[in-house]
Structure formats: structure tokens, C-alpha cells
Protein chains: 2
Amino acid sequence: MSLLGLDVGTTGCKAVVFDTEGKVLSAAYREYPLLHPQPGWIELDMNLVLEKIKEGIREVSSQVKKDPIKALSISAQGEAFVPLDRKGNLLSNGPVSFDIRGESFVQWWEKALGKERIMKITGMPLHFMFSLSKIMWLKENCPHIYGKTWKFLCCEDLLIYKLGLPPTIDYSLASRTMAFDILKKKWSEEILSRADIDKTLLPEVVPSGTIVGEIPQRIANDLSFPSKVIVVTGGHDQSCGALGAGVREEGMAVEATGTVDCIASIFKEPYLNKRMLENNFACYPHTVPQFYITIVFNFTGGSLLKWFRDTLGKEEKEKAKKTGKDVYSVLIDKATSLPSPLYLLPHFTATGTPYMDPNSSGAILGLSLNTSKAELIKAVLEGISFEMKYNLSLLEETGIPVYELRAIGGGAKSRKWLQLKADLYGKKMVSLKVSEAPSLGAAILAGVAIGEYSSIEEAVKATVKIKEVFYPQEEKTRIYEEKFQIYKDIYPTLRSLNHRIRDAAVASSAEKLR
Amino acid sequence: MSLLGLDVGTTGCKAVVFDTEGKVLSAAYREYPLLHPQPGWIELDMNLVLEKIKEGIREVSSQVKKDPIKALSISAQGEAFVPLDRKGNLLSNGPVSFDIRGESFVQWWEKALGKERIMKITGMPLHFMFSLSKIMWLKENCPHIYGKTWKFLCCEDLLIYKLGLPPTIDYSLASRTMAFDILKKKWSEEILSRADIDKTLLPEVVPSGTIVGEIPQRIANDLSFPSKVIVVTGGHDQSCGALGAGVREEGMAVEATGTVDCIASIFKEPYLNKRMLENNFACYPHTVPQFYITIVFNFTGGSLLKWFRDTLGKEEKEKAKKTGKDVYSVLIDKATSLPSPLYLLPHFTATGTPYMDPNSSGAILGLSLNTSKAELIKAVLEGISFEMKYNLSLLEETGIPVYELRAIGGGAKSRKWLQLKADLYGKKMVSLKVSEAPSLGAAILAGVAIGEYSSIEEAVKATVKIKEVFYPQEEKTRIYEEKFQIYKDIYPTLRSLNHRIRDAAVASSAEKLR
């Protein structure tokens, strides 16, 4: 028998089937495009997303007939949602996290309730990314859609519903709407009444790892599923990723380096203090009961390396082609092994935590006529990691120290980058045999729910296998610590200048449009 | 008949023979290496320099037998000097401008006389580059050399002496020693007595364009010269360049874009005020009588484009090779025609005027995931020119406005760059038929001295020919003016951070040496 973990991201979805020891039996990946119908609007065609997920399920399901899938669960991107009518038809595309349509409601909420109160209830630092403000936007701007809406569903509950079961969301993903009371563990009456959104428009909320039901035979047939596959609630992808990477106690965290770089850390008592709010650190239920989770992130992780590849890396692209190597390996291999004399502020797009500043911009400092390309590449890698080190230092100040990081995502493939992170953070970095941690986390939740494992602890022991441990090298850590003291001051020093630069750029593109 | 202009630079020398209409009849170029015997020491083997000059003279002289050379004059790099004994033997290599051996005397002079007084007498803003402090270093550190010294000679007077005539220097080059009284037009008793350097150790000083004598037959034979070639004093290369570019009245300036970018502007009344001193603007006699000259400069002109070529321009190098084009043209052609959204601080090595800050460093701001290589190249060109625009704005504030710039040096070859400069400065840029302006300036001085022209004015009219005029395009000038308001604030914003970065880099290389 086997377990299916589904992972629904912003640019693609994965279906991964695991045996009970965490070995991948089959995996399928499908991409879908992000749509930009208007400036600032960023959407997914959720019908297409569902179609792609089904394709993935059919592919893996038909390949594991000998070890039939017994249960599945879902790891899902946060914040994205879609309105459905009573017949289950999707009424619009689904705006994703960085769609800015909730922006005008940020000030409204600040006045109506204040960000301290919102944080206290929902664990979320007030921001346009969360689903609720976008639902309010839709109510105000598209009353014809709002009027027809039966439910607003996020990716997990939408998929469960489309698998023939009642739309059900777990605590972690519900939290990302900014409408969930994370202490009372239910939709917040106070928030919803302020927003003037009826609670019945939202799905039922249950803990992660709750059995929702069996997939009806008609749908199972369509998906090449065996009979009686059990559907179990999963959670927010960052939380599933932490679980699937074996993050199981305070002080441990997972670092997912994909397009975005994100670190998720877990703890037992909810942190809802001023420092969390100041740093834009959320706090919400983890997929593992009794734990809470927070995430710190930076939008330019792999995307920055991709920018370098596409803008300045033609030589390395050609070398990769000739040697059959991955172009990112070629780039990373080229980086100097010594710390770079340069400093790179990776704000090449809106910053993540702690600043959440959409008007910063990227900078390279310390350039000289001796600067080499190898030092520039090293500066890119360091800049991404210094931004995360800064977040880690703020987490620690807030009372959430991290001593070990589990690495997942594309960035975890490079041993050289992992060693750099260990040196730069001054912390243990651990790589894993299975890199699809969010899917594995979902599969673990499914396995525990159906009694395949006696506990999450046991499931993690059985399935999560360490590949390699990278320890900080003392001398390099000392140099990086010195560089970090300078790095920390770059953003505050450049903030106002960067805002002027961004204003000038916006004015100039507005002129070009005229 | 013809006139020979010699130009003795830091990395090479030129010998150019002109007819009386300023047409180049023959030209020779020879390179010589800069020596770095110890950190911060940067020297020329002056015997080798003399040898190379002689090679160049022989080459051109033998090619113009039909239009025999009647007179010559010399354009020379400032600050470089060498000690000679009574027999005319060179006693050491010659430290050049950026050799830092005079550094410890900067503080000494500040205490002994104060920089205001030094500026009042010599027109020089106190700095280690000038010859006098290095002569003092030599006296203190190499008494065995100092004791044997008959004369300390700069490049002009050294060459005149080696042509068999009494060592003679002109006002403009003498000024670059920081020992010349620019108002009294003689070596300063006050400065020399403070420095405790005997005046007899220095050559005779006369105005530019003074006949020193005829080259003795023995030496003429060795150099393939005709008989009775007359030697005339020339001047500092920036001053000769201004003359040879036709800069003939207040409001005109020459911009020489070579490795270094330098603008020289002329005016009738000496400016020795506080603003000049604050901005590190020198003021000294021009090679044209009745005029004074000032220079503003930035060490990263062409050198920055060269850095980009060697560090990030492999693709463009290959394209240049394939198409037979010059690699700099390929780079400049690739730059966006619109103003770049980026900002580049060109302090990739010690800054020039006005900051004279050896601890600044290069920076690129405004980077985003949309940044293209074309925008990066444009930012390099703009950064170099914004630094010069800032200097021009300070000159204007000081009372030395510039309305027209004559372009010389390698940077003058690119029509696209000249148009960019016209737009960015908001000023007329003029390119010239003869790009060897310093040599032409020297030839003009020689021609006027022997009566070939009735005046410098007439000589300039006869020899300096305009190639093309570039006018600022209003709309682009407006955008650059807005960018400039931001650019001006980059250095002050980054100054202290850059100093910390430089300190850290120095500490880290010191560690590597251990």
C-alpha cells in the first residue's frame, strides 16, 4: 500500500506517491501559468490547476497499481482562493498571494480594528496578501460575482470538494485568510463581522490530519484511483514542508530555497507580541498539533540566481550546454570559495520579512576594478543568505532561536551553497534524501490519520532520512559575522534613496505609457 | 616644414608631427610599464621612458624628411619626477602621481602651513600626489640618494635636458610640484624653506612657449633630426590638451576620456577661494598666457568600461572578434538608448575630485529582476558622466561655468557616448578631427615660438578642426537632470558604509597575507 501527497504551488503542482518508509514510488509534475490581466493582478485559472492536478494523479496512480494508494492529503499554497456557485462552478480566476487587490483594505483595517488586534486574533501581520481583503475587494468591485457565490475556497478545500467531499480546510491554511481565530481555532466572528462577510461563505475548518471521507467511486474511476482512497486534511505548504523535512521540535526549522527563499520555524506557545508584528512575522497553527509555526521569507531566492543566469550568464549557459551540467551548478561552482568582498542587497523585487517593503530595490556595494565575476556570483549567493540570516537573528531576538535548518527545494541540491549557508548562518544545515518535503509532509498526515503510523513522531522517524550534514566552519563564520554587521545597515542606509529611485522609475514608466 | 609635439604619459608616449594646418604627417606610440616595487609605490623607469621617446622620435622624424621638423615642444604628465646627479645620471626610478609616498607629509603640511595658505601660494589643494612631498620623503628615507642629487626633474625638463639643453620647466608643469608660486610665477621661497629643500635642486622656470635652444648636432644625429631643431617649453598634458582642442576662452573646457576621465577648464582671474579648496580644485597657469586652468577628474573613466569588458563582457568580446568591430563599440551599441533605471557610483578605485576619497567604493543601485545587461552598460556610461556632471556643477557654483566641451581621448571615438554626454550634461559636446590634442597643443606652442604663427589664437584657428557637434536633446536632458538629483545623494548616503566596507576588505586581505 502507499500514500499520496499532493502539493499545489503557484506555478505548478506535484503528485508524489510514497511507500511507508518514505521512498518515492512515483512522482508527477505539471506547470500552469500565472496570469496578469491587469497591472498588479496575478491570478491562476483554477479550472486549469484542477485539470493539471488530475493529470498528475492519473499518472502516478496508474504507476503504483501494485502498491495501491490508500490515502491522500494536500499541501497547498496559502492565500489563493476562488469563488464557487451552488453548482460548484468556479466564478472567476483565483488571485494568488502577491495579487495586490487587497491593498486598499490595509489602511481600512488599520482604522477599523488596528493591526495589533488583528495580529492578536489571527496571528497575521496586516498585509494585502491575505485572502480576506481580496474577498472584500471582490464584494465591492464585482457584486455580480459576490452575489452568486456559495463558497470561497482555498486550494486545499477546493481540491477536497472536487474529489467529491465536503469542502474542508485545515487550521494552518485557514490562518492564511486572516479570518481565522488561531487561539479559539475557528473562523473569527469579530473579524468577519467587521469585514461584513458571512461565515457560511467559508468552508468548514478542522485540524490537519483529519479524515474527511472516501473518494466516491465515480471520481476514483476518473482518476485511476483504487476504491476507497481516504482523503485527509493537509495544510499550508510551508507547514507540510517543515513536517516532511523532519522538523519536529523547537529550535529546528526548514529552509525552502525555490524561486522564493523561505524559512519556517516551529514552537509550542503562540507568539503574538509586538516584536512579531514589527517584523511582519506571522504565527499560526502548524500541521502538527500542539505546535505553532512562523515563516520568514525573501522573494529573491532562486529568482535572483535565475536573473544572473539570464542577464550575465551567457558564458555559463554555454558551458552547461557543452558539459551537460546544470547551469546553476556551473554558476555556483564558479563562485569564489572565500567570502566575497562585495555586498548584495537582494531586494530585486518587493522585500519579504521583516521589511515587507515594495519600494526597496537591489544594490551591489563594494565594487572595485579588481572585482571578478566569481566574486559577483558569490555576492548573489551571500546576499540571499544574509537576508535570511537577518531574519533568523530577529526570530532569535523574538524568542524563537533556530539551531538547525533542514534544506529543501532547488537550492538544496547544491552542496557548495549548503556549506556556504552553514558558514554564513553559523548553524547546522541538513540535506535530505527526499527533496519533495511538502508532499511527504502531506503523505505523513494521511498515513497517521489512517493508522498506518501510531503517531506523527513515529511516521517522521520511519520516512524522513538525512542525506548529509553541513557544519559551520569557524573561521568563515567569523568573517561572515563581521560582514553581517555591515550587511544589516545596508537597507536602513539605502531605504530613502531606494524609495526615491523607485518613485522616479514609476514616474518614468508612466510617462512612457502616455 | 613641420612641428613635433611630444606627449609623455604615465603608460606610454606619443610623438606626432603636424604640418602647419594641423594635419598629422606622422605619429608613433610607445608603451612602458608602471612598476609596483612595494604596496603603494608606483614608479616609472625613466631611462626606459627616455629610450621609448627617442624610438618614437626616430620613427616619425625619418618619415617626414620632405617636411623637416623645425621645432618641438612637450606635453607631460604632472607630478612625476626623478633625481639626477651632476653627470646627468638618473639616481632612482620616478614615482608617478598616484604613488603614495607623500602621504605622511599631508598631515605635516597641514600643521606646518595649513592647506589654505598652501592653496593661496601654489594653487594646489593639499594632497600626497604632488612632487614636493615625495621629494621630502626621499630626503628623509633615502639620504644617500638625496645627498647625490643635482636636480629633481619632471618629465618636460628631464627631456629638454636629455636633448642637450639646460633643464627648463614651464609654469603649468612646475605648479604640479606644489612648490611654485602661481601668482609671483617663481619657485616659492616660503614653501621651499618650510620643506627645507634647496631651490637650486629645481630647474629653471619659464612660461610655456619659451624657446630653450637648438638641439646640438650630436644629439640631432642620434635622433634622425634635421639640424637646428628648436626646443620650446610645453606644459602639463591637461593644459596642452585644452590648447590642442581649441579651448580658447572662458566657458570652454576639454574633456579627455581615457583610462581616467578629466575635464580642464580655463579662466582669466586666478580662483583661490575656499570653495576651490573644499572641492579639491587646483588653479594654476595655463599654457596660454593670461589664462589659468583647473582640472576635475575621476579615475574610473575608460578603466570602468574596461572592467565591464573583462569581467562581464565575454559575449561582446566574441561578437567584436567575429564582426571585426571594436569591443567598446559593441558594448556601447548594446546600451539602452533610454536613460537607465539604474544608478552607478563609479568609485571603483579612489575617487577624483571633489571628494578625493581613497576609501569609497563602487555601487550599483536600483537593480530589479527586470534589469537587463543593456541597462547595466548604460548605467556604467551614465555613472562616469554623472560624476563629471557633479564636478561641472561645483565648478559652476565656484564661478567657473562651462558651456561647451571639446572631447578628446579614446572616449571621443564613440558618437553614441558623446550624444549621451551632451544629453546628460545639458551642454554642447564637440568632437575634433585630430584626437591627439596634447601633442597638437605642444606643436602649437612650438609653432608660435618660432614665429610660424603670429599668435596662439591664429595657430588654433589654423590647426584645430571641428569634426561634429552634439547638442543636448531637451527631453533626455530633463530626465537626466532628475536622475542627477538622486545621483548627487548617493556618495554622501553611502560614504560611511563604504568606509566600513573598505576597512573590512583591508583587514581581510591583511589576514590572508599573514
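Which residues in helix 15 of chain A meet which residues in helix 16 of chain A? I will come to the list in a moment. What we have here is a predicted model. Chain A has an average pLDDT of 96, with 99% of its residues scoring at least 70. For the complex, the predictor reports an ipTM of 0.94 and a pTM of 0.94.

Now the answer. From helix 15 of chain A, the residues are A:Lys378, A:Leu381, A:Glu382, A:Ile384, A:Ser385, A:Phe386, A:Met388, A:Lys389 and A:Leu392.

Next, the geometry. Two packed helices are described by the angle between their axes and the distance between the axes. Helix 15 of chain A covers residues 373-398 and helix 16 of chain A covers residues 415-425. They pack at an angle of about 45 degrees, and their axes are 10 Å apart.

Last, the contact between the chains. Chain B contributes 41 residues and chain A contributes 43 residues. About 3,500 Å² is buried between chain B and chain A, and carbon and sulfur atoms give 69% of that area. On the chain B side, the residues that lose the most area to chain A are B:Leu367, B:Leu369 and B:Ile501. Together they account for 18% of what the chain B side buries.

How values were computed
Residues are numbered from 1 along each chain as its sequence is written. Chains are lettered from A and ligands numbered from 1 in the order in which they are written. This is a predicted model: local features need pLDDT of at least 70, side-chain atom pairs count only at pLDDT 80 or more; totals for chains, interfaces and linings use all residues. Side-chain values use heavy atoms; hydrogens and water are left out. Axes are lines fitted to C-alpha atoms, for helices over the stretch in contact, and angles run from 0 to 180 degrees between N-to-C directions. Helices (H or I, at least four residues) and strands (E, at least two) are DSSP runs, numbered from the N terminus. Contact means heavy atoms within 4.5 Å. pLDDT is the predictor's confidence in each residue, from 0 to 100. Buried area is the accessible area (1.4 Å probe) that two parts lose on being put together, summed over both.
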